Amino acid sequence: MDIKEQVLRLTRRHGTWDPFELAEKMNILVVLEPLGSINGYYNQCYRQKFIHINESLEPQRQRFTCAHELGHAVLHPKANTPFLRENTLFCISRLEIEANRFAAELLCPDELLQEYPGYSLSQIARSLGLREEVLACKQLGEG
């Protein structure tokens, strides 16, 4: 199952496209806390999943970070990316790209894009309060 299908399955099952609501319905605790220069991270401790988000981020950035970390929770629930990054030679860029794609599919479903015919990627991103790179991650024309 590709990422777009996984997002559609989750949003249908839980009845929401909001990453914070999805996390709550999936029993994933979202913690807003001071994280310095880190936007957020996902971890699991004793079978409880957590999404940590930097409380100093703007609301739209917190929303994207929640969606990205939710992608890790769904796609890579056992991966410890901070550990892998610091202690191994394992390339985590694939995991980060997949989490970004998950966030893009969640925050900007195809139906929403259809409301912007003839708009550029940049114009759509500004209208939705997203970074252009987020939309560029979408699986356009697939699924």
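Colleague: In the hairpin of E2 and E3, which residue takes a positive phi near 50°?
Modeller: This is a predicted model. The hairpin of E2 and E3 has 2 residues between the strands. Cysteine 45 stands opposite glutamine 48 in E3. The residue with a positive phi near 50° in this hairpin is tyrosine 46.

Colleague: In what sense do E2 and E3 pair, and over how many bridges?
Modeller: Strands of a sheet pair through backbone hydrogen bonds, either parallel or antiparallel. Within this pair of strands, asparagine 43 stands opposite phenylalanine 50 in E3. E3 covers residues 48–54, and its pairing with E2 is antiparallel, over 6 bridges.

Colleague: Which strands are the edge strands of the sheet?
Modeller: The sheet is open, has 3 strands and shows mixed pairing, and its order is E1-E3-E2. An edge strand here pairs on one side only, and that holds for E1 (28–33) and E2 (40–45). From one strand to the next the twist averages 25°. The edge strands are therefore the ones that pair on one side only: E1 and E2.

Colleague: Which helix lies across E1, E2 and E3, and at about what angle does it run to E3?
Modeller: The helix in question spans residues 59–75. Its reach from first C-alpha to last is 24 Å, close to the 24 Å expected at 1.5 Å a residue for 17 residues. The helix is H3, and it runs to E3 at about 150°.

Colleague: How many residues of H3 are buried?
Modeller: A residue counts as buried when its relative accessible area is under 20%. H3 is mostly covered. Of its 17 residues, the number buried is 13.

Colleague: Is histidine 76 buried or exposed?
Modeller: Histidine 76 is found in the loop between H3 and helix H4 (81–87). Leaving out residues up to four places away in sequence, it touches Tyr42, Gly71, Leu95, Glu98 and Ala99. The C-alpha atoms of histidine 76 and leucine 95 are separated by 7.5 Å, although the two are 19 residues apart along the chain. The relative accessible area of histidine 76 is 8%, so it is buried.

Colleague: What is the relative accessible area of histidine 14?
Modeller: Histidine 14 lies in helix H1, which runs over residues 3–14. Not counting residues up to four places away in sequence, histidine 14 touches Leu22, Lys25 and Met26. Histidine 14 is buried, because its relative accessible area is 16%.

Colleague: Why is the pair of tyrosine 116 and tyrosine 119 called edge-to-face?
Modeller: The count of aromatic pairs comes to 1. In this pair the ring centres of tyrosine 116 and tyrosine 119 are 5.3 Å apart. Planes over 60 degrees apart count as edge-to-face. The planes of these two rings stand at 85°, so the pair is edge-to-face.

Colleague: What percentage of the residues in the protein is buried?
Modeller: The protein has 8 helices and 3 strands. Its pattern along the sequence is α-α-β-β-β-α-α-α-α-α-α. Of the 143 residues, the buried part is 40%.

Conventions:
Residues numbered from 1 in each chain as written. Predicted model: local features only at pLDDT ≥ 70, side-chain atom pairs only at ≥ 80, totals over all residues. Heavy atoms only, no water. Helix = DSSP H or I, 4+ residues; strand = E, 2+ residues; numbered from the N terminus. Axes fitted to C-alpha atoms, helices over the stretch in contact; angles between N-to-C directions. Contact = heavy atoms within 4.5 Å. Expected span 1.5 Å × (residues − 1). Buried < 20%, exposed > 50% of the residue type's maximum accessible area, 1.4 Å probe, protein only. Phe/Tyr/Trp six-rings, centres within 6.5 Å; stacked < 30°, edge-to-face > 60°.
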